[in-house]
Amino acid sequence: MSEDIFKKIVSHCKEYGFVFPSSEIYDGLGAVYDYGQMGVELKNNIKKYWWDSMVLLNENVVGIDSAIFMHPTIWKASGHVDAFNDPLIDNKDSKKRYRADVLIEEYLAKIDDKINKEVEKAAKRFGESFDEAMFRQTNQRVLDQQAKRDQVHTRFAEALNENNLDEIRQIIIDCEIVCPISGTRNWTDVRQFNLMFATEMGSTADGAMKVYLRPETAQGIFVNFLNVQKTGRMKVPFGIAQIGKAFRNEIVARQFIFRMREFEQMEMQFFVRPGEELQWFSKWKETRMKWHKALGFGDQKYRFHDHDKLAHYANAATDIEFEMPFGFKEVEGIHSRTDFDLSSHEKFSGKKIQYFDPELNKSYTPYVVETSIGVDRMFLTVMSAAYTEEQVEGSESRVVLKFPPALAPIKLAVLPLLKKDNLPEKAREIIDSLKFDFKCQYDEKDSIGKRYRRQDAIGTPYCVTVDHQTLQDNTVTIRYRDTMEQERVAIDKLSDIISDKVSLKTLLKKLN
Ligand code: ATP
């Protein structure tokens, strides 16, 4: 896939009511987007898939919905006031601003690409006898590239860990990284930039309080740990899940809904006994990867990426990356956060935040394993995986969104062949009997062929056509989105045919 496909996905999202730029009639607002009539359905289905996989499938995971505004000291305790920064750098010629760490990561990714191309070329040349491991160990060009990569990577990881901004700049200079816009290497110094949005609560007369828009939903879970544990009589290990908005004043926001300033997260904090966190970390890594792969987009499109720099609170961290049209990118983070958050809130609030473990007969501060996924990035994952251009019937082509049926915004379109002879009424009758279970859409405009294309473009898995025969024998033609095959079925069989395929239950059962 390429940047070109990405552009097509962005315009498809707009044209078919999935995603609109925010405030569009005022020329938009940077990195803020609105979800349209189709987008909101897809988004809700994604959220439900996640929510149910957490709170339905796990007896020991419960949900909450905490407020966006929180006491400002929470962000002192969490470390966000002091450390939620990105290193930024400007190009003096183009006046464009970049994340310095991202420039270096992209440089490393380019070296990886070069190595992979060498390997692919050789694989083609040698055919079946190709031994990839041996080739990587012996080919001089690969070895040179790998050595260069390792050297830059080590320097980069050290600079990040030591927070050494001068060294990060020096790496950019030494690697001769240029600004993609101006093509020059005329860089400013690297500076830290805090990503939290602040506003004021209360009138200025009473001395307004500076509050932040939360940059993650996790802290709402930590500060409610005792409330939930006590009122829910929860026993460690247990988890608290939450879906909600988060806000970050991102420096570079040029990748559609991949990086937004207002976005939504689905986070689950799992509280465990100290010392057991790494076992749980592996367990949740596996569980979350299974959740992604169950969607059937192809296992090769996912990979884990372990962190070079652990956040101040973590003792293990990995990302689940998905192959977006612009390369493998983080969709979800899984972190072993130790007891950092609960201990810190204990210290800052002066309230004891501990758990009495009846089996061990002692109190302790639980350790935490977090799974954190962006709804919008997941939306982009689903869109990128589903978007397909196909050649059909000779020179004709179609764009079809091959959503897993459980996530599709519309499950069934009901199309009267003609706008007369009682066919519309019959079509409405079918919708009226099915609408309690499935989101249906009625469409009577244009030829059937055009109507099929419109449904393909929004990913509707089933179309049903009502014709004159329907009035006589109560059968309809059902057409399947992916194969475009059609068959004649009885109206009273429709529900059975569709139910299983579009139900979240079928997807959730794969996770058990
Ligand atoms: P990145 O390195 O891409 O900035 P991050 O590591 O800061 O992301 P986390 O703090 O781990 O991200 O947040 C968890 C998840 O929230 C991410 O995996 C991503 O799916 C989502 N997310 C984070 N920032 C954004 C954003 N600006 N826009 C959309 N989704 C986001």
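Student: Which helix gives the largest share of the lining of the second largest pocket?
Tutor: H2, with four residues. Bear in mind that this is a predicted model.

Student: Which helices supply at least two residues of that lining?
Tutor: Helix H2 (37–56), helix H17 (494–502) and helix H18 (504–509) each do.

Student: How much space lies in the second largest pocket?
Tutor: About 370 Å³. The lining counts 17 residues, and the closest to the pocket centre are Asn 45, Ala 406, Lys 411, Asp 437 and Val 502.

Student: What is the lining like by class?
Tutor: Six residues are nonpolar, five are polar and six are charged.

Student: Where does the second largest pocket lie relative to the domains?
Tutor: Between domain 1 (36–69 + 213–383) and domain 3 (400–509), because both give residues to its lining.

Student: What is left in the domain assignment?
Tutor: Domain 2, which covers 85–192.

Student: Back to domains 1 and 3. How many residues are in contact there?
Tutor: 15 residues of domain 1 touch 15 residues of domain 3. The centres of these two domains, taken over C-alpha atoms, are 37 Å apart.

Student: New topic: sheets. What is the strand order in the sheet with S19?
Tutor: S20-S19-S21-S22-S23. That sheet is open, with five strands and mixed pairing. Strand S20 (440–442) and strand S23 (486–490) are the edge strands, each pairing on one side only. From one strand to the next, the twist averages 30 degrees.

Student: How do S21 and S22 pair?
Tutor: Antiparallel, over four bridges, with S21 at residues 462–466 and S22 at residues 475–480. Tyr 462 has Tyr 480 in S22 as its bridge partner.

Student: Which helix lies across S19?
Tutor: Helix H15 (residues 448–458). H15 also lies across S20, S21, S22 and S23, and runs at about 170 degrees to S19.

Student: And what is the order in the sheet with three strands?
Tutor: S5-S4-S6, an open sheet with antiparallel pairing. Strand S5 (97–99) and strand S6 (191–194) each have a single partner strand, so one side of each has no neighbour in the sheet. The twist there averages 45 degrees from one strand to the next.

Student: How many bridges join S4 to S6?
Tutor: Four, with S4 spanning residues 85–90. Asn 85 stands opposite Asn 194 in S6.

Student: Which helix packs on that sheet?
Tutor: Helix H5 (residues 100–126), touching S4 and S5. The direction of H5 makes about 70 degrees with that of S5.

Note on methods:
Residues are numbered from 1 along each chain as its sequence is written. This is a predicted model: local features need pLDDT of at least 70, side-chain atom pairs count only at pLDDT 80 or more; totals for chains, interfaces and linings use all residues. Side-chain values use heavy atoms; hydrogens and water are left out. On a 1 Å grid over the protein atoms alone, a cavity is a set of points where a 1.4 Å probe fits but cannot get out, and a pocket is an open set with protein on both sides within 12 Å along at least five of seven lines; lining residues have an atom within 4 Å of a point. Grid points are joined across faces, edges and corners, and a volume is the space filled by probe spheres set on the points. Ala, Val, Leu, Ile, Met, Phe, Trp, Tyr, Cys and Pro count as nonpolar, Asp, Glu, Lys and Arg as charged, and the others, Gly among them, as polar. Domain bounds come from an automatic or database domain assignment. Two strands pair if DSSP finds at least two bridges between them. Axes are lines fitted to C-alpha atoms, for helices over the stretch in contact, and angles run from 0 to 180 degrees between N-to-C directions. Contact means heavy atoms within 4.5 Å.
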